[in-house]
Amino acid sequence: QVQLVESGGGSVQAGGSLRLSCDVSRLSTSRYCMGWFRQAPGKEREGVATIYPGDGHLYYADSVNGRFTISQDTTKRTLYLPMNSLKPEDTDMYYCAADGRWYLCYPRSWSEGRYNYWGQGTQVTVSA
């Protein structure tokens with residue numbers, strides 16, 4: 001059974017940093033579109049960043065570009081999201097996701113939210 005387990009969330013002050021990790025089991029991350037999404041209660045899920053498996057191209061939401069960096073260690077099957085210069089509006093539950101349909105890596109497909117595999121989420125809270 002495929003499992004995605006996020007960790008690294010927490011509470012920080014604005015301007016601080018956190019590093020999220022997502023440990024993946026029973027799935028080859030190098031062959032799947034891997035991504036980070038976030039969602040607050042009562043809000044729609046928002047794409048944060050994805051890694052396209054074909055050429056490793058990275059895609060970012062405009063709101064996090066330059067502050068967050070998505071990466072992965074395929075040997076460890078771990079996805080990372082170091083987050084710097086955090087803002088109160090970054091407060092959300094963060095989820096990692098995986099899907100074999102590579103087109104879901106494109107930002108225009110993020111709103112579909114049809115990734116097959118999701119983690120349970122890790123909370124990030126940024127105070128002003």
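User: Where is Asp-90 found in this model?

Analyst: Asp-90 is found in the loop between β8 and β9. Bear in mind that this is a predicted model.

User: What does Asp-90 touch, leaving out residues up to four places away in sequence?

Analyst: Asp-90 touches Arg-38, Arg-67, Phe-68, Ser-85, Val-124 and Val-126. There is also a backbone atom to look at: the nitrogen of Lys-87 lies 2.8 Å from a polar atom of the Asp-90 side chain.

User: Arg-38 is on that list. What makes it buried or exposed?

Analyst: Happy to go through it. Arg-38 lies in strand β4, and its relative accessible area is 4%. The limit for buried is under 20%, so Arg-38 is buried.

User: What makes the pairs Arg-38 with Ser-63 and Arg-38 with Tyr-94 polar contacts?

Analyst: Set the distances against the cut-off, which asks for N or O atoms within 3.5 Å, one able to donate a hydrogen and the other to accept it. The side chains of Arg-38 and Ser-63 make their contact at 3.4 Å. For the side chains of Arg-38 and Tyr-94 the value is 2.8 Å. Both pairs are listed as polar contacts.

User: Which other residues does Arg-38 touch?

Analyst: Among them are Glu-44, Arg-45, Glu-46, Val-48, Phe-68, Glu-89, Asp-90 and Asp-92, with residues up to four places away in sequence not counted.

User: How do you know that Arg-45 lies over the face of an aromatic ring, and which rings are they?

Analyst: The test asks for CZ of Arg within 6 Å of the ring centre and within 35 degrees of the ring normal. Arg-45 is listed over the face of Tyr-95, at 5.7 Å from the ring centre. Arg-45 is also listed over the face of Trp-118, at 3.9 Å from the ring centre.

User: How many aromatic pairs are there, and why is the one between Phe-37 and Trp-110 called edge-to-face?

Analyst: The structure holds eight aromatic pairs. In the one you ask about, Phe-37 and Trp-110 are 6.4 Å apart centre to centre, with 70 degrees between the planes. Centres within 6.5 Å make a pair and planes over 60 degrees apart count as edge-to-face, so the name follows. This pair links distant parts of the chain: Phe-37 is in strand β4, while Trp-110 is in the loop between β9 and β10, 73 residues apart.

User: Why do Phe-37 and Trp-110 count as buried or exposed, and which cluster do they belong to?

Analyst: Phe-37 has 0% relative accessibility, so it counts as buried. Trp-110 has 8% relative accessibility and counts as buried. Phe-37, Trp-110, Tyr-115 and Trp-118 form one aromatic cluster.

User: What makes you say that β9 is largely enclosed by the rest of the structure?

Analyst: Seven of the eight residues of β9 are buried, so the strand is described as largely enclosed.

User: Which strands pair with β9, and over how many bridges?

Analyst: Two strands pair if at least two bridges are found between them. Seven bridges join β4 to β9, which run antiparallel; here Gln-39 stands opposite Met-93. Strands β9 and β11 pair in the antiparallel sense over three bridges, and Asp-92 has Val-124 as its bridge partner in β11. Two bridges join β9 to β10, also antiparallel, with Ala-98 opposite Tyr-117.

User: Turning to the open sheet, in what order do its strands come, and why do β1 and β7 stand at the edges?

Analyst: Its four strands come in the order β1-β3-β8-β7, with antiparallel pairing. Strands β1 and β7 each have a single partner strand, so one side of each is left without a neighbour in the sheet. The twist averages 20 degrees from one strand to the next.

Technical notes: Residues are numbered from 1 along each chain as its sequence is written. This is a predicted model: local features need pLDDT of at least 70, side-chain atom pairs count only at pLDDT 80 or more; totals for chains, interfaces and linings use all residues. Side-chain values use heavy atoms; hydrogens and water are left out. Rings of Phe, Tyr and Trp (its six-membered ring) pair if their centres lie within 6.5 Å; planes under 30 degrees apart count as stacked, over 60 as edge-to-face and the rest as tilted. Buried means under 20% relative accessible area, exposed over 50%, partly exposed in between (1.4 Å probe, protein chains only). Contact means heavy atoms within 4.5 Å. Axes are lines fitted to C-alpha atoms, for helices over the stretch in contact, and angles run from 0 to 180 degrees between N-to-C directions.
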